[in-house]
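Open the model in your viewer and keep the selection tool handy. We will go from stop to stop, with a word at each one on what to select and what is there.

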Amino acid sequence: MIGSDDTSFSEWLVQAPLEELTRAAARLRDEGHGRMMTYSRKVFIPLTRLCRDVCHYCTFAERPRAGHAAYLAPEEVLAIARTGEAAGCTEALFTLGDKPELRYRAAREALAASGHVSTIDYLRAMSALVSRETGLLPHLNPGVMTEPEIASLREVSASQGIMLESVSERLCEPGGVHYGSPDKRPAARLETLRLAGELRVPFTTGVLIGIGETRAERLDTLYAIRDLHVAHGHIQEVIIQNFRAKPGTKRAGTAEPDLEDLMWTIAAARLILGPAMNIQAPPNLSPGVYSRLIGAGINDWGGVSPVTPDHVNPEAPWPAIEELARRSAEGGKLLVNRLAVYPSYARQADIWLAPEIAKKVRRMSDADGLAREDEWSPGTTAPPRRSPIWAKVIDPEIEQIVAKANAGSRLAEPEIVRLFAARDTDCERVIAAADDLRRRVSGEVVRYAVNRNINYTNICYYRCRFCAFSKGRTHEALRGAPYDLALEEIVRRAVEAWDRGATEVCLQGGIHPDYTGETYLGICRAIKAAVPGMHIHAFSPLEITQGAATLKLSVPAFLAALKQAGLGTLPGTAAEILDDEVRVIICPDKLKTAAWLDVVRAAHGLGIRTTSTIMYGHVETPLSWARHLLALRDLQDETGGITEFVPLPFVHMEAPMYLRGAARRGPTFREAVLMHAVARLVLHPYITNIQTSWVKMGPAGAAACLKAGANDLGGTLMNESISRAAGTEHGQEFPPQSMEALIRSIGRVPVQRDTLYRTVSAERRAASFSAGPLAPIVQNPPRRLAAAD
């Protein structure tokens, strides 16, 4: 509904100079979208060209013709979709005429022969087919729909749409472009939009300019879209499409809107719809003037296909995506591939998408809700790939944040989120800044430790939804058998590790229902008795809390007892994400953030140093990463007890919450490298060692992180159980020879260290380089499995 404020605002829009409007619109766009310019890599599937409407500008719609099928057959649909998938598309755009069965017998007969009652029923079946058989997300444009039809299509699509075009009733009267087209009645289209909002369907709409409407009617259309979005929040994008005259239509000789008219409409849309709205102008309809469209306020180019033509505007070929990236960069923007559903809806998939579609969207999206950039995931051997760099100018905001971090100042959450959002040349700048800071703080040395992981049991009564390692009575058969190492086997492994040059054993495991604090004390005493020189790096804050509770001791008292028994340092694991909004999803029965920090603080107070970690790339957002890093920075500022920060990317393959479709498939390669780089900047000058995990990143990924702010390659491990259980394809041991070869391959100097970052003795180094093969490990079966599940 248009009020008095809208009237005065409309007067300004009509009267103001175009430069004033576009300048204001561009500022507003930048407020909501920054440097990002999105597009969707799509394949166009024209399910049927039959239509009961007779729009006077359209060449898409056709009459039935002898020898021509009324609808694409399922095998044709699938062939087009698979061609698009092979070309890297993520969206299957189904376009079709409106209810052709109400006008044409050929359509009715074709539907009956295929066992479908309507075009929309057939569309649902084909959308389900494409979603099931390919990695594409369907976007559906079937025209005017009823509530049951929209609801039915919601189950098989990521998004739907209908071009409102215009709310002008004049255009439906004799002589108007929509005369004789019942589905173009504004009331019918507005009702479809309203119903979609009530059903929580991410919806696309837009205006078509130059079809006989006035500018005042265009503004009325934009206000109508705004009001629907205010009421329901479901309008994911608004397309500003310029009419193109086509031979063979009633408007073949009509003048097309000029560039200034298009720019005025884009600017008006931005100013009416606000900074967050996604506003799109098809690039193929305005070739050569991309920078002008960017300057008017768009933030999206729409669907661009590398394999199929624009069947609605066949005379206008798509630009090459590389050309679009180059032209976007010239306009100061960074081209990014999105999904058929926009990020704000992808990030709230449980609200806006049907369950099966939501699962698929999570698996296809990155932490920002955009399309993943390649097939790499942590733990896989797929080669990492860095995206091409198109922009030549770095965002001044990035430079300001980097300068602040280099000065050792505490960054604010939004500044950290901005660093994590960096792409293209901005991303390269963040990585380079982190590496420069690493060079100043740590020099050219890369340190690593010779250690052994001993995961003493995989039996656990906690139900962390990301964990593929733990076992309980209800899932013993999953991912291998449950085990509970005998103390003799733990000691044997520690002795063997010492003989092979290790200076540290890292001990962690599940929270076994039969374990008490005495169990942990006994492990420490036994190892120290057998190998006095071995450093014991053991027990996460969760194990510390559980052990203390079983002995009815305070956490500081139990830590003191462990130190007396030989404990050297604590691993800063079980942190996952130090943001309780995330922890309640992934580990609801685990320590809350404050409790985790309290245990680590208590350890530092007793002179027990700890590492720190983050497990990222599942359900959390970059805001959660920012909160996590700041929590660690603040703790280190207070205590100084953290030796290093270790990013642990989520390995998804066997993780329960991924298998249920509730998580992403780990961070993208860009996100993983940026985690190391941003951590270096945010934690400066308090945490000076940033470690990369070769088990999760792989050798090539680890090398990239060492050139992005990391200065430590972690431990050789000898045995690695937790990531292997989750599905990593990388080995269980990375011996010193391989460690040093990797470090030297990037022009750095390897140094073997101990847990506290002291250079090891010549004897330890020599032992590590002459180590023989490991003896077969023994996984002792459970001695007793309590009914704690």
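A residue counts as buried when its relative accessible area is under 20%. Keep that cut-off in mind, and remember that this is a predicted model.

**Stop 1: an aromatic pair**

Select Trp 376. Its relative accessibility is 1%, so Trp 376 counts as buried. Trp 376 belongs to the loop between α14 (355-364) and α15 (396-406), while Phe 669 belongs to helix α26 (residues 669-683), so the pair ties together parts that are 293 residues apart in sequence.

**Stop 2: a group of rings**

Next, select Tyr 456 and Tyr 520. Their rings form a tilted pair, 6.4 Å centre to centre with 55° between the planes. This pair also links distant parts of the chain: Tyr 456 is in the loop between β11 and α18, Tyr 520 is in helix α19 (residues 517-530), and they are 64 residues apart. Are these two tyrosines, Tyr 456 and Tyr 520, buried or exposed? Both Tyr 456 and Tyr 520 are buried.

**Stop 3**

Switch to a cartoon view and look for an open sheet of 6 strands with parallel pairing, in the order β11-β12-β13-β14-β15-β16. At the edges stand β11 (451-455) and β16 (642-649); each has a single partner strand, so one side of each is left without a neighbour in the sheet. From one strand to the next, the twist averages 25°. Helix α18 (residues 487-499) packs on the sheet, where it touches β11 and β12 (504-508), and the direction of α18 makes about 170° with that of β11.

Now zoom in on Thr 569. Which residue in β15 is the bridge partner of Thr 569? It is Arg 609. Strands β14 (residues 567-570) and β15 (residues 609-616) pair in the parallel sense over 2 bridges. Turning to strand β13 (residues 535-538), you will find that β13 and β14 likewise pair in the parallel sense over 2 bridges. Here Thr 569 in β14 is the bridge partner of His 537.

**Stop 4: arginines over rings**

Select Arg 363 with Tyr 658: Arg 363 lies over the face of the tyrosine, 4.4 Å from the ring centre. Then try Arg 753 with Tyr 757, where the charged end of the arginine sits over the ring at 4.1 Å from its centre.

**Stop 5: an aspartate in a helix**

Go to helix α9 (residues 259-273) and pick out Asp 261. At 13% relative accessibility, Asp 261 counts as buried. Leaving aside residues up to four places away in sequence, Asp 261 touches Ile 209, Arg 215 and Arg 218.

**Last stop: confidence**

Finally, colour the model by pLDDT. The protein has a mean pLDDT of 94, and 96% of its residues reach 70 or more. Residues 473-478 have pLDDT below 50, and this stretch has 13 contacts in the model beyond near neighbours in sequence. Residues 785-789 also stay under 50, with 14 contacts beyond four places in sequence. Where pLDDT is low, the predicted coordinates should not be read in detail.

Methods: Residues numbered from 1 in each chain as written. Predicted model: local features only at pLDDT ≥ 70, side-chain atom pairs only at ≥ 80, totals over all residues. Heavy atoms only, no water. Pairing = 2+ DSSP bridges. Helix = DSSP H or I, 4+ residues; strand = E, 2+ residues; numbered from the N terminus. Axes fitted to C-alpha atoms, helices over the stretch in contact; angles between N-to-C directions. Contact = heavy atoms within 4.5 Å. Buried < 20%, exposed > 50% of the residue type's maximum accessible area, 1.4 Å probe, protein only. Phe/Tyr/Trp six-rings, centres within 6.5 Å; stacked < 30°, edge-to-face > 60°. Lys NZ or Arg CZ within 6 Å of the ring centre and 35° of its normal. pLDDT = per-residue confidence, 0-100.
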